[in-house]
Amino acid sequence: MSWNGLCPIRPEGHAVNERFADLGAPRRIWAVACINGDIDRLAALHDHLARRFGLRDRIVYLGNYLGAHAGANAEVIDELLAFRAAILAKPGIEASDIVYLRGPAEEAWQRLLRLQFAPVPAQALDKLLAAGVESWLRLYGVSLNDTRSMARAGSMAITRWTNQLRGLQRMMPGHEALVCGMRRTAFSRPSSEPPYKKVLFVPAGFDPLRTLDDQGDGLWWPTTAFAAGGMAQETYVRVVRGFDAANGGLNLENSATTLDAGCGRGGALVCGGFTPNGQLADLVTVGGASALDGTPFAPAEDEDFTTLGEPDSAGAALPPEYRFAATA
């Protein structure tokens, strides 16, 4: 991969947008729903995907990686970084094949780091806490009470405090690069077969009456029903989100797909495998520690795999390259 400043360039010459990730024309796109700090389910899913991820595949994490009341948030970040290293060790895999979106909690964290610019910092903090920023504060050992007190201080004091937060993030290996590399959305290029439209991946919401550039806060805190009608129908064959604040469960039946099954809140972690024309060809659910269930969905023609086979047994060994990366 070559580089244009700090922006990686795909071999075919298309730059990765700083806001939106262009997935190109992959064979399969693996979309991982919100994790919410559930390290056991994430590790089990990675164990499975490490054996299946291949050339021309992409993986898109849809955000909300940490949990406000989870006890393994640091381990979740370590797991994400270790799995990325393992996948990149495979021949032919590019860094741009792995995409992380900013979920509501990650967007709230980014805004907390700029809290000094909020018109009323204390009110802004309340909104960020409602969006899940507490999980990131807990990750770096920052007291919630101290945070509330700081939000009532002057702008200079808040600036010094947010700089300290950035320093805490920078001290953790890989954290700053991971957070700074997160995108708002990801999309594939129009497929080479009908309906010749893109597949769009978003964190939590999408307004079908607005263009992608005009979505604004609706990507994280939607004010309209999640749908793929209106102008979106002309561009996207399917819109996939990873988090539903209403906790309404899986919705796989139409072009507006929700993969949030309540992971971190007692539900399963879900990963969907999508073809370039928007077909949901694979569905992987992790309902407990190392417990996998797989369902093939309308297998695409001429694919070299369409089923998940037998679920992995509990405690199955990691692939050698993944085990090495996880312990390095």
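These notebook entries record what I looked up in the structure.

**Ground rules.** I am working with a predicted model, in which local features need pLDDT of at least 70 and side-chain atom pairs count only at pLDDT 80 or more, while totals for chains, interfaces and linings use all residues. Residues are numbered from 1 along each chain as its sequence is written, and side-chain values use heavy atoms, with hydrogens and water left out.

**Entry 1, the cores.** I began with nonpolar cores, meaning sets of buried Ala, Val, Leu, Ile, Met, Phe, Trp, Tyr and Cys residues joined through side-chain atoms within 4.5 Å. Here buried means under 20% relative accessible area, exposed means over 50%, and partly exposed lies in between, with a 1.4 Å probe and protein chains only. The largest core has 52 residues, and those touching the most other members include Tyr-61, Trp-109 and Trp-136. Helix H1 (residues 39-52) gives this core its largest share, 6 residues. I noted that helices (H or I, at least four residues) and strands (E, at least two) are DSSP runs, numbered from the N terminus. Another core, of 19 residues, lies apart from that one, and Leu-23 and Phe-274 are among its members.

Which residues does Trp-109 contact, leaving aside its neighbours within four places in sequence? Counting contact as heavy atoms within 4.5 Å, I found Val-133, Trp-136, Leu-137, Tyr-140, Leu-165, Gln-169 and Val-179.

**Entry 4, strand S11.** All 6 of the 6 residues of S11 (residues 269-274) are buried, so the strand is largely enclosed by the rest of the structure. Leu-269, Cys-271 and Gly-273 point one way, whereas Val-270, Gly-272 and Phe-274 point the other way. S11 pairs with strand S4 (residues 28-32) in the antiparallel sense over 4 bridges, where pairing requires that DSSP finds at least two bridges between the strands.
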